[in-house]
Amino acid sequence: MKKYEQLLLQNRAWVQQKLAEDKDFFNKLANTQKPDFLWIGCADSRVPANEITGTAPGEVFVHRNIANMVVHTDMNMLSVLDYAVNVLEVSHVIVCGHYGCGGVRAAMMHKQIGLIDNWIRHIKDVYRMHNDELEAIADMKERENRFVELNVMEQVYDLGKTSIIQNAWQKRGGPYVHGWVYDVGNGVIKDLKVSMNDDSDMPEVYKFEKMKKV
Ligand code: CO
């Protein structure tokens with residue numbers, strides 16, 4: 001059997017298992033989705049959003065890219081964010097990075113990889129912003145881990161800088177945006193405690209004028 005055929009077989013087994021647990025499992029999901037969470041995570045195969053949070057199909061709207069970035073010119077991310085916030089009206093947006101992230105590690109190096117260098121550049125900007133703190137950490141593994149955390153925090157702040165999030169905050173006092181880091185070595189998610197649902201901690205220059213009430 002070819003490797004990919006194994007996936008299709010496992011799919012059939014999964015369907016049978018779900019139906020055995022609940023014969024209406026798929027009927028319930030077929031017509032609508034009302035997830036309460038948007039997950040912005042790394043594309044890394046070791047960090048599957050649903051599996052590590054114990055959530056089922058229908059519970060988490062997911063966007064993944066290399067190093068869980070919130071890049072303001074990324075039409076894909078902006079579209080997912082707009083849909084999740086304004087149509088699905090999720091209550092929480094979670095940026096989840098992970099220790100051992102290849103994208104973050106690459107951003108600490110000088111090697112050219114290819115087209116992806118232009119994506120990695122955004123992560124290098126985070127290093128520059130926190131240069132003094134990071135350079136003061138002698139142990140390279142520790143420095144990399146802190147860089148992972150700082151990168152997640154900056155992506156949370158970048159969410160707050162979007163008109164999508166600011167308008168939603170004004171309109172409905174949400175969503176909360178959160179920054180988490182997953183440890184691929186032990187499976188535990190750490191909350192970086194940078195959650196926010198208003199612009200009170202945001203530098204003035206990023207704040208948009210409030211929408212007129214209609
Ligand atoms: Co990664």
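How many bridges join strand β1 to β2, and do the two run parallel or antiparallel?

1. **Before you start.** This is a predicted model, in which local features need pLDDT of at least 70, side-chain atom pairs count only at pLDDT 80 or more, and totals for chains, interfaces and linings use all residues. Residues are numbered from 1 along each chain as its sequence is written, and side-chain values use heavy atoms, with hydrogens and water left out.

2. **The opening pair.** Six bridges join β1 (residues 37–42) to β2, and these strands run parallel. Strands here are DSSP runs of E with at least two residues, while helices are runs of H or I with at least four, both numbered from the N terminus. Two strands pair if DSSP finds at least two bridges between them. Within this pairing, I40 stands opposite H63 of β2.

3. **The whole sheet.** Five strands form an open sheet with mixed pairing, in the order β2-β1-β3-β4-β5. The edges are β2 (60–65) and β5 (189–191); each has a single partner strand, so one side of each is left without a neighbour in the sheet. From one strand to the next, the twist averages 25 degrees; the axes are lines fitted to C-alpha atoms, and angles run from 0 to 180 degrees between N-to-C directions.

4. **Helix α8.** This helix covers residues 140–160, and its end C-alpha atoms are 30 Å apart, which agrees with the 30 Å that its 21 residues should span at 1.5 Å a residue. The expected span is 1.5 Å times one less than the number of residues. Because 15 of its 21 residues are buried, α8 is largely enclosed by the rest of the structure. Buried means under 20% relative accessible area, exposed over 50%, and partly exposed in between, using a 1.4 Å probe and protein chains only. At the start of α8, the backbone nitrogen of K141 has a side-chain oxygen of D139 within 3.1 Å.

5. **Backbone points to look at.** Most residues other than glycine have a negative phi, and most peptide bonds are trans. A67, though not a glycine, has a positive phi of about 70 degrees. A67 sits in the loop between β2 and α4 (75–87) and counts as buried, at 0% relative accessibility. K193 is not a glycine either, and has a positive phi of about 55 degrees. K193 belongs to the segment after β5 and is exposed, with a relative accessible area of 69%.

6. **A cis peptide bond.** G174 and P175 are joined by a cis peptide bond, with omega at about 5 degrees. You will find P175 in the loop between α9 (163–172) and β4 (176–182).

Notes: A polar contact is a pair of N or O atoms within 3.5 Å; within protein, one must be able to donate a hydrogen and the other to accept it, and residues adjacent in sequence count only if both atoms are side-chain atoms.
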